[in-house]
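Please consider the structure shown below. The paragraphs that follow lead through a few of its parts in turn.

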Amino acid sequence: MEYRKLGSSGMYISELAYGNWVTHGEQIDQDAANACVRQALDLGITTFDTADAYAGTRAEKALGEALKGVRREGLEIFTKTFFPAGEGKNDRGLSRKHVMESINASLRRLGTDYVDVYQAHRYDYETPLEETMQAFADIVRSGKALYIGVSEWTVGEIRAGAKLAKDLGIQLISNQPQYSMLWRVIEDEVVPVSQELGLGQICWSPLAQGVLTGKYVPGQDAPSGSRFATEEGEVKTELKFMRRAVLERVQALKPVAEEAGLSMAALALAWVLQNSNVSAAIVGASRPEQLVDNAAAVGINLDPELLARIDSILDPVIERDPSKVESFLTRP
């Protein structure tokens, strides 16, 4: 494993971060979660990402259980708040009430006194940003979080958040966006502003929800148990990465991966890690061997000619529109 600074902070994180969205508490049981976490640790992964809303709060609890007995100072644990974590009107968003209650609940489930980075899972258009950032500042000063981060904020929102953080004497050091060979909407605006302000990217879905592994073949049924399979085993073609044109282009990457001596998944992860503003790529797993394959991406420098071939193959199906940063889903 190799390690990078998270934004302009002095903290190192592992180039691959283990995330448990859609796995812990949902797809796999605790024994399987324990096995995957042990494999991650054996590979040198020290950074673990979760959120209170994952699997209805069960993901945080499962991660906390899996990390029991591991030296806390040797880990970087990230969690997030915004999406509903309960039935009440205040069990969501970024109000002071919800943020303060959420950090306490997350720490209980994770079995730790603090998280390394506490993240706003989306921007809250119903709460003044000043209220949210003051709550985050109080959490940092109380020692319950060391740093703060955001996820899928627009450049304007990042600028405003970073200014308030600076005024409050705390560090906004990370953004967690979707980023992959197929989804590059952060490149034109978010990355340059993040570099300017000292934020590092912690990228989710670097495999485009599994599509970049090459396991979805045009005209064939989806692999059994895969997330894009219907009950009949067919492919859910209405989803953004499952269009035939996308799948055909992804299949054309196989010779490139072979030339690089990597699996399709490792090639996709190595591609994400070529971006100097990326601090880590988040990987999930339902089986330990998936993490072993993913780890082959670490420390790889892809040749410029090979990167150009990837662009040439995928260009017609790459999404680059900066207006499609995910926070548009929650704008009023």
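In this predicted model, Leu-273 touches Arg-4, Glu-15, Leu-16, Val-278, Ala-281 and Ala-297, when residues up to four places away in sequence are not counted. Leu-273 belongs to helix α9, which covers residues 264-273. With a relative accessible area of 5%, Leu-273 falls under the 20% limit and is therefore classed as buried. From Leu-273 to Phe-82 the C-alpha atoms are 27 Å apart in space, and the two residues are 191 apart in sequence.

Ala-281 lies in β10, where Cys-203 stands opposite Ala-281. Strand β10 spans residues 278-283 and runs parallel to β9, to which 3 bridges join it.

Which way do the residues of β9 point? In a regular strand, side chains alternate between the two faces of the sheet. In β9, residues 200-203, Gly-200 and Ile-202 point one way, while Gln-201 and Cys-203 point the other way. All of these residues are buried.

The path between the two strands can be followed next. Together, β8, helix α6 (residues 190-197) and β9 form a β-α-β unit that is right-handed. Met-181 is placed in the loop between β8 and α6. Is Met-181 buried or exposed? Its relative accessibility is 1%, under the 20% limit, so Met-181 counts as buried. Apart from neighbours within four places in sequence, Met-181 is in contact with Leu-212, Leu-253, Leu-267, Ala-268, Trp-271, Ile-310, Leu-314 and Ile-318. Met-181 and Pro-206 are 25 residues apart in sequence, and their C-alpha atoms are 7.6 Å apart in space.

A further topic is empty space. Rolling a probe the size of a water molecule over the atoms shows where such space is left. The second largest pocket holds about 320 Å³ of space. This second largest pocket is lined by 15 residues, of which Phe-82, Arg-92, Gly-93, Asp-124 and Glu-126 are the closest to its centre. By type, the lining of the second largest pocket comprises 6 nonpolar, 5 polar and 4 charged residues. Phe-82, named here among the residues closest to the centre of the pocket, is the residue whose C-alpha atom lies 27 Å from that of Leu-273.

Definitions and conventions
Residues are numbered from 1 along each chain as its sequence is written. This is a predicted model: local features need pLDDT of at least 70, side-chain atom pairs count only at pLDDT 80 or more; totals for chains, interfaces and linings use all residues. Side-chain values use heavy atoms; hydrogens and water are left out. Buried means under 20% relative accessible area, exposed over 50%, partly exposed in between (1.4 Å probe, protein chains only). Helices (H or I, at least four residues) and strands (E, at least two) are DSSP runs, numbered from the N terminus. A crossover is right-handed if, with the strands pointing away from the viewer, the path from the first strand over the helix to the second runs clockwise. Two strands pair if DSSP finds at least two bridges between them. On a 1 Å grid over the protein atoms alone, a cavity is a set of points where a 1.4 Å probe fits but cannot get out, and a pocket is an open set with protein on both sides within 12 Å along at least five of seven lines; lining residues have an atom within 4 Å of a point. Grid points are joined across faces, edges and corners, and a volume is the space filled by probe spheres set on the points. Ala, Val, Leu, Ile, Met, Phe, Trp, Tyr, Cys and Pro count as nonpolar, Asp, Glu, Lys and Arg as charged, and the others, Gly among them, as polar. Contact means heavy atoms within 4.5 Å.
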